[in-house]
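Welcome! Please take a look at the sequence and the 3D structure, and then let us walk through them together.

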Amino acid sequence: MLDVKQLSSGYQGNDVVHDVDFHVDTGEVVMIIGSNGAGKTTLFRTICGLLPASTAQVHFDGQEISGLPAEQVAQLGISFVPAERHLFPRMTVRENLILGAYPHKPDSETMSSVLELFPRLEERMRQHAGTMSGGEQQMLAVGRALMSKPRLLVLDEPSTGLAPLLAQAAYKALGLLRARGLTVLVAEQQVPLAMSISDRGYVLENGYIRLQGTTEELAANPGVRSAYLGVA
Amino acid sequence: MIANILDGIVFGLQLGLLATGLTLVYGLGGVLNMAYGQIAVVSAMVVAFAMDAGLPVLPAVVVGLIAGGLVGLLLDQTLLRPVYRLHEEPRVLLSLLLTLGLSFIIDGFLIWRYPLQALSLHIGGGAIDILGVPMRRGSLVASAITLMTFAGLFLFFRYTSLGLAIRSVIEDEEGARLVGITPQKMMRLILILSGVLAAVVAVTRSMVTPVDTTAGLSITVFALIVTVVGGLGSVAGAFFAGIILGIINVVAASYIGSYISLIILLAAAALTILIRPAGLLGVKE
Amino acid sequence: MSQQLTEKIDSSPIGANVAPSSRSLLSLLIPIALIGILLALVPLWLGDSRVMMGVAVLGLAFVCYAIGFNVIFGSTGQLFLCVGALAGIGGYGAAILADNVGLPIIVSILLATLAATVVGGVLSYVAVRRSLGVIFTGIVTLIFSMSFDTLLLGISDLTGGDTGRMIEAGRGTFLREQIPPYYVMLALVLIFLLVHGLLQRSYIGWAFRALRDNEVAAELAGIDVARYRVYGALVGAAMLGLAGSVYAMTEGRMSPTTFGFGEVDVVVLVMLAFGSIGNLFGPVLGAVTFTFVDELLIEFGQLRTIAYGVLVISLFLWMPNGLLSVLTSLWRRIRQK
């Protein structure tokens, strides 16, 4: 579904991400893992059209999307949830969700399934997004992204700022989505969480893809184990 | 005293609607339109010409509203193109300078060609008593139209998906892009809307007092003051700031003097910037 | 010689006044002397016409205003849209002190200049304390401008309101003759250029450049950004007040339009855009060019306003770094051939 080739990108002429190749097939959950500063955010922002690439060939369902602005990428069926979430703080939960479906009117079926997934949101429909806790905001961000019935859900470090229990709950929800057949691409520092729902993964270090494989392969890899799983 | 307050409310409603146009454009696109007053004047002139050409009042006003919207669109498509390539402070600065230049061109042209032209809409009929004060029909009709426009805006931004989309760009531009909203398209719409609002204010003002070709600068200045006090980007702020400042202006003018009342308004804006730059209801950075 | 000239007139973007680390005093004095000599010759050409000399004196006054604004905005990045008002404090202040209070002319001018300096300093201090960005500083100073204008209209006993007032003091002295005022203003221009140039070469100038380029880095380097901003405003405001009061004394009359926003601030902005903001000699080039162009347009009435508008737009669209930088890059390209 998503095919990324030779992607290099960065800021003000300096590339932070170099020559990245990876792909995501329909129905898969793929993780990009790496530590802080590895370039995961830069990579995702480039793919999703928020950052111009130095070079890139990105194909989504066969269509070339590198160079398209973020709003067009979103309209093609990729929903991106950035680490900072970018919710609409003075708008209610309900309004945030409705906007997720833009330009379509929100589908009542989709709305119900999102609220089923995140019951807490239903309680707070009239609350302003900016006044909610971190965990609730994360739920809302994911919920909003789901309102457009995306073909691909891209998440940048969904565990950011969440207490461990909340992060696990978030990943449980993602697991449910995976079970429903959603294709997911997730970047994560907290590797065990990502591994709990992913089929395959890539290890990003200093802007380069260093390793790839199925989750089992990566989990067994001694380098990965010592660097990311805290195993000596 | 009551008469003053009522007059102040009439004036204030118009200030509020005026500021709404300016504040939306700033809140959404980071553009400070110093030619805003000129857009209002141009619209008023179009209405005047249409009426001179024989058009009855209502169609002439519609033509004027369309003219206002068109100028807004033109601004978006031409002068502001280079501004859109910048961001944050340089964008505001360049927009300020370029629109300032535009305001000179429009002012110069209008005062040169039509120095004596003014728009004045007479609403016939005697005065109507409100709270024991005889109010001119013109003022009442103007206020009614302004209130209805506000109501329309309120409904639009609350209940239509386009209105929500526009608000979302003001709230968080990146977030809006991520849900598939094109900020440039929204900006274009807002500029057209601000042009129409300027026209509405010009037309309603002409029901109270004539609007002439030299009014451009003072309209922009008043709009700026109310926008600053109300909060950049906040329509509700513009509304409330407009009414408050409108009342203050009329009351001060009648009790102290018109020069002092202008200084008071200016001081209010300065104090707002100094004490609470976000304004009454603006977004706190 | 031309080498020094090109090195000094650098083509840096608006505000980033990057200069070679060591410049000799000569590279400052020689161009100033040149300018002084060139401008001193003008009365030979225009000296017969009272009107033209008036225009020339006004032109020099604007050079002074532009230098003052250049110090405030170009050096420390504070958008003071109250150039006219500060000069007006000098002008009206000196008039009131000399005529109504009866102080000697020199004392009146000095006190009026002091008043303008204090006001400029207060404005800067407030802006700095409240961390107002460029836009808000601009709006606040614009508000001050308008308030000052309204005040002039309001206290018409002292100021003559809309019609303005005359200055009795100085009548019959050399200040009111046809040619001496020109040289008085020219002296001011040269002094201001010298002061600004010396400032640029001093530690203070280095601090200015640092805080313009990167405020955070400057703070980390130990520069009290707030304090230096206020210093810049004080110097600039002093220049404006002095120029305003001296000009008023030579003219003998003034009205709100002499120091109004539309008449002074806008014009100064255009001049500086013409001549490169931040650059030492920008104001001179800009003001001289503009005065010429303006004179050509004077008979066209409102068309002049339209021309101003077109000028502002074209300048800020195509030559945001000013005429000087366009010229220098042209010069560099020629030299490379």
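## Chain B as a whole

Helices (H or I, at least four residues) and strands (E, at least two) are DSSP runs, numbered from the N terminus. By that count, chain B has 12 helices and four strands. Its radius of gyration, taken over C-alpha atoms, is 18 Å, close to the 19 Å from the globule rule (2.2 Å times the number of residues to the power 0.38) for 285 residues, so chain B is as compact as a globular protein of that length.

## How to read the model

This is a predicted model: local features need pLDDT of at least 70 and side-chain atom pairs count only at pLDDT 80 or more, while totals for chains, interfaces and linings use all residues. Residues are numbered from 1 along each chain as its sequence is written, with chains lettered from A and ligands numbered from 1 in the order in which they are written.

## A sheet in chain A

Six strands of chain A form an open sheet with mixed pairing, in the order β6-β7-β8-β3-β9-β10; strands pair if DSSP finds at least two bridges between them. At the edges stand β6 (78-81) and β10 (208-214) of chain A, each with a single partner strand, so one side of each is left without a neighbour in the sheet.

β6(A) runs parallel to β7 (residues 152-156) of chain A, and four bridges join them. Within this pair, Ser79(A) has Leu153(A) as its bridge partner.

## Where the chains meet

Two residues are in contact if their C-beta atoms, placed from the backbone, lie within 7 Å. The contact takes 21 residues from chain A and 15 residues from chain B. On the side of chain A that touches chain B, α2 (70-75) and α3 (93-100) of chain A are the elements giving two or more residues.
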